[in-house]
Amino acid sequence: MLRDGKIWLANNDSGEGIFLLPRMSNRHGLIAGATGTGKTVTARVLAEAFSEMGVPVFLADVKGDLAGIMGEGTDSPDMQARIERFGLAEHGFSYQGYPVTLWDIYGKKGIQLRTTITEMGPLLMSRILQLNDLQTDILSIVYRIADDRDLLLVDIKDLKAMLNYVQEHSKEFVEQYGRMSSASIGAILRALVALEGEGGDVFFGETALNISDWMQVGQGGKGMINILDSESLINNGRLYATFLLWLLSELFESMPEVGDLAKPKMVFFFDEAHLLFKDANKALLDKIEQVVKLIRSKGVGVYFCTQNPRDIPDGVLAQLGNRVQHALRAYTPADQKAVRAAAQSFRENPAFNTYSTLQSLGTGEALISFLGEDGIPAVVEKAYVLPPQSRMGAISDTEREQSIKGSVLYTKYARAYDPDSAYEFLQRLGLEEAAAAEQAKAEAAAAKEQQKAEAAAAREQEREAQRAEAAKKRAAKSVGSTVAGTVGREAGKAVGGAFGGKFGKTIGGNLGASLGRGIIGTLFKN
């Protein structure tokens, strides 16, 4: 709750309030502690206070019990004892609900929350698909090709169509983009099919979330608390973490630089934060660290909720100036080392031993150190977290349905639509290429038939010429034979008659005719 314009989170052992300064709250924070020590309640109390300041909040609801923040808390003897212990009545404590918008990427327990393949980007998409470095590089090239050709990748079928297109036309892309093996593209396609089976076909599509829709205030000027139902999503920790990282990246990319503000423009609570860093490669870790470092200047505060501070890489942990550390248990030497490291991360308080106190904290107790006016972390204090003003526990199905359909954003995101994107373009291109190929095939067949016809005509013309030449030779042979026979006969008669009289003349004529015809036949034969 708010007190004197500051976020009152807890009281120390002396009953003095411990406050988070609004203008320091975008310096990020850490809420850590073992299971059951009160991390969720701490996050809830902070979210209520930010909402009261008019600051929109994002919460991931991993257990399914945060939606109760929309309703008023209920009184009980235990609550009365806590109100009296903290002196809350004199500072305006009252049971109240807060404006809530429920979201769900599966569209079952909240407004459908979607993004597009293009907006997710190749780095985060590769993590969702669990690709190796080579496959990640190829996916990045596929994104580049799509971008160079102004092809929008909206849903999974768009990306599958793009991968198939690149595979079929790989030779065309080698010179400009490099070689892309069919085996790697096939592995990416198989990963996409698996993602479809996990519900990827639901949360990749349009209408994609416009992050500015989260920057709303509800009744009474309270900041809207956007709650993402993550009960089912958390079963796929990789998808959960990557999707929330995308949301954080969207905030970073879409919001303008504002510098230091009197209060943040939005606060983002990342529950089960260890999943964000699990199995993340160096490129992704660098991206996370960059976003956390720079998003402060966009007026966004990020609070990581996890069991142990060692779950957070040092580069990110160093950016978390506001810390709430609930109890840690040290059952093994590794646990003891982690507890000691957590204790040493605070400015020491001479009033108690931080290491031993950290292991003896009860539920709802914590070690707290917030940034002061000068930006320097305060000395650590043992503290007791205030109770929430809203209802604890889950809401009924009826309440959930009324909240979802009563939101002004319900109609905007309720229905999906499939725009003209890469899949449709490549379908048309494929039909055009098929038609062109069919036409080319028909033209080639016609040209081949034409060539065959021309060859046949040429052969027929050659045969006709040969027939004509043969006929000409036969005619010449016939004439020559007749003439030669006549000449030979007369010559034979003259020779035969001179030597043999009438009988010799006859014999000589016949021999001369035969000899003349034979000579002509030999000449025409050759």
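A salt bridge here is a side-chain nitrogen of Lys or Arg within 4 Å of a carboxyl oxygen of Asp or Glu. By this rule, the count comes to 19 salt bridges. The structure is a predicted model, so local features need pLDDT of at least 70 and side-chain atom pairs count only at pLDDT 80 or more, while totals for chains, interfaces and linings use all residues. Residues are numbered from 1 along each chain as its sequence is written, and side-chain values use heavy atoms, with hydrogens and water left out.

As for the overall picture, the protein chain has 16 helices and 13 strands; these are DSSP runs numbered from the N terminus, with helices being H or I of at least four residues and strands being E of at least two. Of its 526 residues, 49% count as buried, where buried means under 20% relative accessible area, exposed over 50%, and partly exposed in between (1.4 Å probe, protein chains only). The accessible surface comes to about 25400 Å², and 52% of that belongs to carbon and sulfur atoms. Accessible areas come from the Shrake-Rupley method with a 1.4 Å probe, and for residues only the protein chains shown count as cover. With contact taken as heavy atoms within 4.5 Å, residues 24 or more positions apart account for 77% of the contacts in the chain with a separation of 6 or more.

Asp 286 pairs with Lys 282, their closest N and O atoms being 2.9 Å apart. Both lie in helix H10 (residues 282-294), four residues apart, or about one turn of the helix. Asp 286 is partly exposed, at a relative accessible area of 39%, whereas Lys 282 counts as exposed at 62%.

Another pair, Arg 310 and Asp 335, has its closest N and O atoms 3.6 Å apart. This one links distant parts of the chain: Arg 310 sits in the loop between strand S10 (300-306) and helix H11 (314-317), and Asp 335 is in helix H12 (residues 333-344), 25 residues apart. Arg 310 counts as exposed, at 51% relative accessibility, but Asp 335 is buried, at 17%.

Arg 391 and Glu 399 also meet through their side chains in a salt bridge (2.9 Å, N to O). Arg 391 counts as partly exposed at 21% relative accessibility, and Glu 399 is likewise partly exposed, at 26%. Elsewhere, Glu 460, Arg 463, Glu 464 and Arg 467 are linked in a salt-bridge network.

Two other residues bring in further parts of the sequence. Thr 207 is found in the loop between helix H7 (182-203) and strand S8 (225-229), and it is buried, with a relative accessible area of 15%. Leaving aside its neighbours within four places in sequence, Thr 207 is in contact with Arg 114, Lys 412, Tyr 413, Arg 415, Ala 416 and Tyr 417. Asp 397, by contrast, is exposed, with a relative accessible area of 66%, and is found in helix H14 (residues 397-406). Asp 397 and Lys 109 are 288 residues apart in sequence, yet 8.7 Å apart in space, C-alpha to C-alpha.

On a 1 Å grid over the protein atoms alone, a cavity is a set of points where a 1.4 Å probe fits but cannot get out, and a pocket is an open set with protein on both sides within 12 Å along at least five of seven lines; lining residues have an atom within 4 Å of a point. Grid points are joined across faces, edges and corners, and a volume is the space filled by probe spheres set on the points.

A search of the whole structure finds one cavity of 30 Å³ or more. The largest cavity has a volume of about 90 Å³, and its lining consists of Lys 39, Thr 40, Ala 43, Leu 59, Ala 60, Leu 66, Phe 269, Asp 271 and Cys 305. Helix H1 (39-52) and strand S5 (57-61) each supply at least two of the lining residues, with H1 giving the most, three.

The largest pocket holds about 300 Å³ of space. Helix H3 (117-129), helix H4 (133-148) and helix H8 (237-254) are the elements that give two or more residues to its lining, and H3 gives the most, with three. In total, 16 residues line this pocket, and Arg 127, Arg 238, Lys 278, Asp 279 and Ala 280 lie nearest its centre.
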